[in-house]
Amino acid sequence: MMELVFERTNGLTEKPTHYCPGCTHGIIHRLVGEVLEEMDIIEDTVGVASVGCSVLAYDYFNCDMTQAAHGRAPAVATGIKRVLPKDRIVFTYQGDGDLASIGMAEIVHAAARGENITVIFVNNAIYGMTGGQMAPTSLVGQKTATSPFGRDIALQGSPIRVSELLATLDGASYIERVSTHDVASIIKAKKAIRKAFETQKNGLGFSMVEVLSTCPTNWGIDPKESLDWVKEKMIPEYPLGVYKDVKGGK
Amino acid sequence: MGKVLMKGNEVIAEAAVHAGCKYYFGYPITPQSELVAYMAKRLPEVGGLFLQAESEVAAINMVYGAASAGVRVMTSSSSPGVSLKQEGISYLVGAELPAVIINVMRGGPGLGSIQPSQSDYFQATKGGGHGDYQIPVFAPATLQEIVDLMQDAFDIADRYRTPVYILGDGMLGQMMEPVEFTERKAAELPPKDWATTGTRGDGGPKITNSLRLDPDDLEKHNNHLQEKYSKIKENEVRFENYLTEDADYIVVAYGTVSRIAKNAIKKAREKGIKVGMIRPISLWPFPEKPFYETRENVKAYLTVEMSAGQMVEDVRLAVNGYKPVHFYGRTGGMVPSQEDILAEIIKMAGGDQ
Amino acid sequence: MLHEIIIAGFGGQGVMSMGQLLAYSGMHEDKQVSWLPSYGPEQRGGTANCSVIISDEPVGSPVISHPSVAIVLNKPSFDKFEPLVSPGGILIVNSSLVDKKSSRDDITVIEVPASEIANEIGEPKVANSVILGTFLKLTNAVSPDSIIEALKKVLPERRHNLIPANKVALEKGAELINK
């Protein structure tokens, strides 16, 4: 008899994702799905999909899902969380354009109110769905469709470090930035995601995990180089670590 | 309960509570701030929730979230704020979520004024946001009528899975009149088995969504919406005929303006001009029938609005060239006086008789 | 019976609550009533006014262009509403604050030195009730008893000690017409 070494998680549906080769959205989906399953909260959870590459997340997570307008996922999640019984779990899954650009007001105020929701913030430093435009998180000098000469601070300003920014708010309970560029960091990312959902389950308030992610298609490099790019270019700009952990005294 | 003297904005809020609405998300704006304050105090008393959002944009999206979870929910604002809500309203329509939206209209465009206006008629009845859609719009003329229409609004929202507008103006919001909150039998409504509340005990995952990437699929969805609008047109038209039976002339007005027009009509009748009024209560669906029934016999219509001429277009469509349709409007927060309207009636009737 | 009343004065002079008191009293007597405030920046420091209708018939327009009674508590209100009173109507002027005289001969003009009378009573806060007393005597729009009943509802409990002085003020205001 063969030993079972790998199994799909019940936290995800069987629908194949549409993500490009080398994109780490699939890995992050799986981490969230595994956490939902391991915490036995799939049936208690409502997820909120945003606008961007992960817009179709509602097809992939095996729980009730609501699709939100661009940037508004934290407001939609607020509406859901506030009217449902307290044992329900609500999370948003948002990209950097959605969360850090058009949805900046919604995310800041959800965190400030200490909304007891969990935000999975996928930062790949670019707009993917619309074809590789500059994001608020694009690096200085990064060439994109709308910064063809490289992001220029004088013209386009500096990147926004969302985890650091939200960590200044009293309402935020748990904020960590993780990455997906190698196995060790993926294992760490899962732990952070679990911790964020546990924060919500324990009623402690707003939790967010910022996950550094790849976009080989729009970065114009291959998947392997993309992982290196996260490690070498993004992490220095976006240092990994726990930025807020109210329970852990941080 | 007996009669109580209340401000229009407070009546809207209390009527919503009586209609079973326990959840409110909103943002302050004049002239409807009393509504927000009333809800903040009242909803905790009924075990509900009031939450002040960071913007109108966030408020309507909180409404979207709450509606997707299957509860009766509302928001309110005034003209500039309602413009901000348009994105969320289009999404509510797309995802077929029930909610009630109040617009206590003020003068525009832009920041405009805070005085009463009816210049958001187009926005409310012709779409407002993007996409092919209609929203039922009800325009009460008295505070007592608000009580009934709020209940209707929530029932219609739930029955057809659609947002519903209540359109008032600053005058209606600010004035006081005695009202009575009569208890009414709850309507029989379909269960909200579509609500996304977590799957525990209710089968497989459900999705609240307005995205349909496949054109064929989206066209089917649009056809479904249009069928729904046909049903609403069939069932939910509301209007009042006032002295139209023997009328040679008909004034068309809605909301508070219709009350001013009524005074003018009484004065005109004293002068021997046989004039009546059609008062649309549902602005969409627009009541066409009373025009079909009168357009053969009357000599002309006069539409009076606190706008530069918006509802008059629907009146002209309903009259369809049978008779002249005149227009008198004031804008910017100016309220037409009964003397002005009387003068227009006399002019329409060919001078003093 | 139809009374179309405009009450106007400085913001903070109690114009709005005076109107509400009339509306409450009308409702108390099962009459049809409406109260419509002017609202906005003019409430704060400028001239504020409200329109009150008390009627046997359902109220049509809550907006009044030509009041049957105008109660003016300051000079700008006098200037604005004196010309608008409908012929045969009544203009009640708070002569403690307005020294202008009306030149119209088609309306009844009553001057009430409200502050002086209120001071005589020993309670400056009841000046508006003096004027209401005059108004009620002239129009019989509602009974003074209904005003007292309405006051009990409108005033917070801790202010109920003012009710006897208000009662006296209503009587003093009425007496101006008896003289």
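Colleague: Hi! How far apart are the closest C-alpha atoms of chain A and chain C?

Modeller: They lie 29 Å apart, and no contact joins chain A and chain C. Two residues are in contact if their C-beta atoms, placed from the backbone, lie within 7 Å. This is a predicted model, where local features need pLDDT of at least 70 and side-chain atom pairs count only at pLDDT 80 or more, while totals for chains, interfaces and linings use all residues. Residues are numbered from 1 along each chain as its sequence is written, and chains are lettered from A and ligands numbered from 1 in the order in which they are written.

Colleague: Which chains have the most contacts, then?

Modeller: Chains A and B do, among the 2 pairs of chains that touch.

Colleague: And how many residues do chain C and chain B put into their contact?

Modeller: Chain C gives 16 residues and chain B gives 19. On the chain C side, helix H1 (15-28) and strand E2 (32-37) each supply two or more residues. E2(C) has the largest share, with 5 residues. Helices (H or I, at least four residues) and strands (E, at least two) are DSSP runs, numbered from the N terminus.

Colleague: How does that chain C side divide by class?

Modeller: There are 10 nonpolar, 6 polar and no charged residues. Here Ala, Val, Leu, Ile, Met, Phe, Trp, Tyr, Cys and Pro count as nonpolar, Asp, Glu, Lys and Arg as charged, and the others, Gly among them, as polar.

Colleague: What does Met175(B) touch?

Modeller: Leaving out residues up to four places away in sequence, Met175(B) touches Gly8(B), Ser34(C), Trp35(C), Leu36(C) and Pro62(C). Met175(B) sits in the loop between H7 and strand E8 (176-179) of chain B.

Colleague: Is Met175(B) buried or exposed?

Modeller: Met175(B) is buried, because it has 28 C-beta neighbours inside 10 Å. A residue is buried if 20 or more other C-beta atoms lie within 10 Å of its own, exposed if 12 or fewer, and partly exposed in between, with C-beta atoms placed from the backbone.

Colleague: Switching topic: what domains does chain B have?

Modeller: The assignment gives domain 1 (4-189 + 211-235) and domain 2 (240-348); those bounds come from an automatic or database domain assignment. The C-alpha centres of domain 1 and domain 2 of chain B are 26 Å apart. Their contact takes 26 residues from domain 1 and 21 residues from domain 2 of chain B.

Colleague: Which strands make the open sheet in chain B?

Modeller: The order is E10-E12-E11-E14-E15, 5 strands with mixed pairing. Two strands pair if DSSP finds at least two bridges between them. E10 and E15 of chain B are at the edges with a single partner strand each, so one side of each has no neighbour in the sheet. E10(B) runs antiparallel to E12 (residues 275-280) of chain B, joined by 4 bridges. Glu240(B), for one, has Arg279(B) as its bridge partner in E12(B).

Colleague: Last one: which residues of H1(A) are buried?

Modeller: They are His25(A), Ile28(A), His29(A), Leu31(A), Val32(A), Gly33(A), Val35(A) and Leu36(A). Their cover includes strand E1 (45-49), helix H2 (57-60) and helix H8 (183-201) of chain A, among others.

Colleague: What follows H1(A)?

Modeller: Asp40(A) does, and its phi is positive, near 55 degrees.
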